[in-house]
Amino acid sequence: MASELKLSVNGETHTVSAAPETPLLYVLRNNLKLSGPRYGCGIAQCGACAVLVDGAEARSCITSAASVVGKKVTTIEGLPAVWAEVKGLPVTDNKELHPVQQAWIDEQVPQCGYCQSGMMIVAVELLASNPNPTVEHIKDAYSNKPPSPHLCRCGTYAAIIGAVQRAANAMKT
Amino acid sequence: MTIKMKGHSESSIRMPKLTRRGFIKSGGALVVSLTRPDFSMGAAQSSAMTTAIASWLEIRHDNTIIVRTGRTEIGTGMSAFYAQVIAEELDVRPDAITLLMGDTDKTPDGGYSAGFLTGAANLRKVGAYTYQALIGLAAKKLRVSVKELTVVDGIVSGGGRSISYGDLVRDKHFDLKIPVSGEVAKVDPKSWNGMAGLDGLVVMGDPPMKPMSQYKVIGTSHPMPGIPAKVTGKTQWTCDVMLPGMLHARMVRPATLGSTLISVGKLDKEMFPTAQVVVKKNLVAVLSPDEWEAVTAAQTVAAETKWTEWAGLPGSENLTKALRSHKWGAPSEAKGNADETVAAIARSTKTISATYEQPYVKHAPIGPFVAVADVRADGTATVWSHSANSQGLRAQIANTLSTPVEKVVVCWLDHAGQFGRTTFGGDGADGDAAILSQMMGKPVRVQWTLQDDLAWSASSPGWVEDIKCGLDAEGSVTAVQSAFYSPQSNDARIVGAVLAGMPHSEPKPGYWIATEWPYDRIPLRREEVYGMPNLGPDSPTVGLRGLIMRTPGQRQQNFALESLMNEAASASGVDPLEFRLRHTTDRRLVDIIHATARSAVWETRPSPRTEARRTGTEPVTGHGMNIMVRQNSYWVGIAEIAVTPQTGMVQVTKFTIGTECGKIINPRQLERCMKSGVVMGVSEALKEEVTFDTGKITSTMWARYKILTMAEMPEINIVQLSRDDQGYGGGSEAANAICPPAIAAAFFDATGVYPRRIPLTPEYVKRLLNIAG
């Protein structure tokens, strides 16, 4: 049965009506109309649905909406605001993309792009704890962290590595 | 993908004339639309092609340019290439162009999205015709001859004066009708894949085109236009379409690929108050306005739904045996003189013969099939889809719903890369959505689960090839004889239509020779290919459907040919790269082999290396190579790998990929395609295998259908050669296919054992090397 859930998503508080066990993915997409996280597998095996929950990557397809009440959820739509906060810029009229997003554009990472929202989420999480990741660190973050590797079928892995390093440099300046 | 085009006479085509409809109050445009001088078909169909909106290109008074193409962006950068090709002919900047893609209501030309070469050839001519019309207008306006005009960024100058394209059309409306030929896409029982007209329309005639030596836009790295929207969450994907009153659906699929429905599980209305079950023959779905309710209700209904048992598949472990035991009959296609080839091999000093094989593999996009359909009582239907052939899908949907094709609109939107599985306009959630929407009288969104997708989408079939060659006393190949066997790869039936017992396309079993022969110094060859029906042909529903996948046919057949060449080189004691050079005089191939070898720092020596070993806990390294000629492009792949015999682990450490594909349109996009193709090719060589039992596919999640992860990716080194004298070549598709033969050869170099099957999984490698455990 549906309940009223108060969720903090991309810096705004929303009250949504959903069954508490509803995966966050469906609430983000259908209730809040955020299309960044996407359905890939529904069983936490691909990473297309990844979001940040209190700064840590979570697979929104297996994370219940009720479990994130009181926590901060961030999708790629909210990354510019995350960056504004880091830089101490006003969040509301910030036009600057997060350096990870800008790097994804500059390195032309997406091919079909379906998995790339999740890929950028991993990059943001990684760079928050490791501002100077080596290629091995990056490969490790995308391949060996539970619950599963982040998969890209188009094969953009090399471009992702380049973009993470580009973003790392941009975030230092 | 190569799909053969029908020939047509162009001798009678003249330059089209510009007509003016008169002055208009505001705006103004030059609209390029289509005429069909030698096209005969029914009036009902032709009316769909001559609507006012059926324009290919519009030059607008504000200097913006709209280009419409039925082709779509499938992640390979086509939206960048198309803009460049037309910008080059028009002498404008590519960012002045807005591309509309894949909407059957707005893009009349159709065609399969994988076919960049035919799409580019069309747009190049559209641009050239339009350029001629525009400079004709400018010459009158500026009162100088056309010869005295120059154009830079859409500004025409001559006689000391200038005018922009936008000003040329301001307050006027011009029509430019250009000649096209081709067929409208339709379901055609006579055709090999059950469909006709999938190539789309072809622009005819021979307008003067800009010589490649004067190119300014082509050859530069124009970015793919959709990237910023994808990175910021602004793209509207197929899965994002939401309509008022729309129902979400999840499919309840049969227990096997041949089960039929006995009884449908009960829906607990207390638990799922707004859900409902819909059944049409063997098509079962659960629908709800709430997506999560549809998901959970479908799971409970599925658990109690009963299906007949069916066991018509051989099981994946018995695939080769099943292919061997099939009565093949005559080849689907054959080339070369069999008697002379057999005699030449018999006369040879040495004979090499081998059988190569590969299991079924999957296109396996990260996003499973999804579609939204809105079918109305008046027979009109709108389908939002990520099909790579909108016009083909439109024809299939019209056929299934028994509604006239002109009442169906297919709107393409972005989605996960499909790699060829929708090229023939079939497969997917589109059929389910259209059927359910027709039944419900409401818009319906159907999202396949990953399990649905891996189990119910078509696969690229497994295959076996017997191939042999003779060697003369000098170690040169005298003749090659090959026989390729595989289930059909052309089953574009819409699953939902088959299950619901509604009309659908019907493919014919068969196969085709996909190899473009690279070795002109091999005097004789006999190639035969054999196609059989899908596995499980007795299925009352679908069986194990086969469909083309990236570099179709040639990916498989080249593995066998190039592996044989590597084994023959070894038998002759010759370096494998040197062995290729001995057997071709094609300068383009020779050049790219040398350039790629230089970049890879290829060490010239025969394989296997002297240090090769098949035991031990320490890795042993090796290198291997292969070539491919495809669609006016030349490819070389060089793999460097490390094998740990004791564990069976294979790591591709470095892959050098070289291509010469005529004039390179966009080096950056080509580089992206090459690098990403290598990832997919390495994945296929090391990991990918569809497993199935006697009734169903069992590799239905990523933990079972494994694809390459970032950690397993090799260092990728790319080599590009561009030439101005050979036109455009196919610049994407062979990149995956050029990997597995090189990796197999490198495995042989490292271990001395030639793997005649892929994937090189640890289990298979240990078996191959006789490692216990």
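Trainee: Which hand does the crossing have where helix 13 of chain B passes helix 18 of chain B?
Mentor: Heads-up, this is a predicted model, where local features need pLDDT of at least 70 and side-chain atom pairs count only at pLDDT 80 or more, while totals for chains, interfaces and linings use all residues. Residues are numbered from 1 along each chain as its sequence is written, and chains are lettered from A and ligands numbered from 1 in the order in which they are written. A crossing is left-handed if the near helix is turned anticlockwise from the far one by less than a right angle, and right-handed if clockwise. For helix 13 and helix 18 of chain B, the crossing is right-handed.

Trainee: Is helix 2 of chain B roughly parallel or roughly antiparallel to helix 3 of chain B?
Mentor: Angles under 35 degrees count as roughly parallel, over 145 as roughly antiparallel, 65 to 115 as roughly perpendicular and the rest as oblique. Helix 2 (78-90) and helix 3 (116-142) of chain B pack at about 30°, with axes 7 Å apart. That's why this pair counts as roughly parallel.

Trainee: How many nonpolar residues are in the contact of helix 2 with helix 3 of chain B?
Mentor: Residues are in contact if their C-beta atoms, placed from the backbone, lie within 7 Å. Among those meeting here are B:Phe81 and B:Val85 from helix 2, and B:Leu123 and B:Ala120 from helix 3. Ala, Val, Leu, Ile, Met, Phe, Trp, Tyr, Cys and Pro count as nonpolar, Asp, Glu, Lys and Arg as charged, and the others, Gly among them, as polar. Besides three polar and two charged residues, the nonpolar count is twelve.

Trainee: Which strands stand at the edges of the seven-strand sheet in chain B?
Mentor: Strands pair if DSSP finds at least two bridges between them. This open sheet has mixed pairing and the order 15-16-13-23-20-21-22. Two strands have a single partner each, so one side of each lacks a neighbour in the sheet: strand 15 (276-280) and strand 22 (408-412).

Trainee: In strand 22 of chain B, which residue is the bridge partner of B:Trp384?
Mentor: Strand 21 (381-385) of chain B runs parallel to strand 22, and five bridges join them. The partner of B:Trp384 there is B:Cys411.

Trainee: Which helix of chain B lies across strands 13, 15 and 16?
Mentor: Look for one running at about 25° to strand 13 (247-252) of chain B. The helix lying across those strands is helix 6.

Trainee: Which helix gives the largest share of the side of chain B that touches chain A?
Mentor: Here 44 residues of chain B are in contact with 49 of chain A. Helix 5 (227-232), helix 6 (291-304) and helix 16 (667-686) of chain B each supply at least two residues of that side. The largest share, eight residues, comes from helix 16.

Conventions:
Contact = placed C-beta atoms within 7 Å. Helix = DSSP H or I, 4+ residues; strand = E, 2+ residues; numbered from the N terminus. Axes fitted to C-alpha atoms, helices over the stretch in contact; angles between N-to-C directions.
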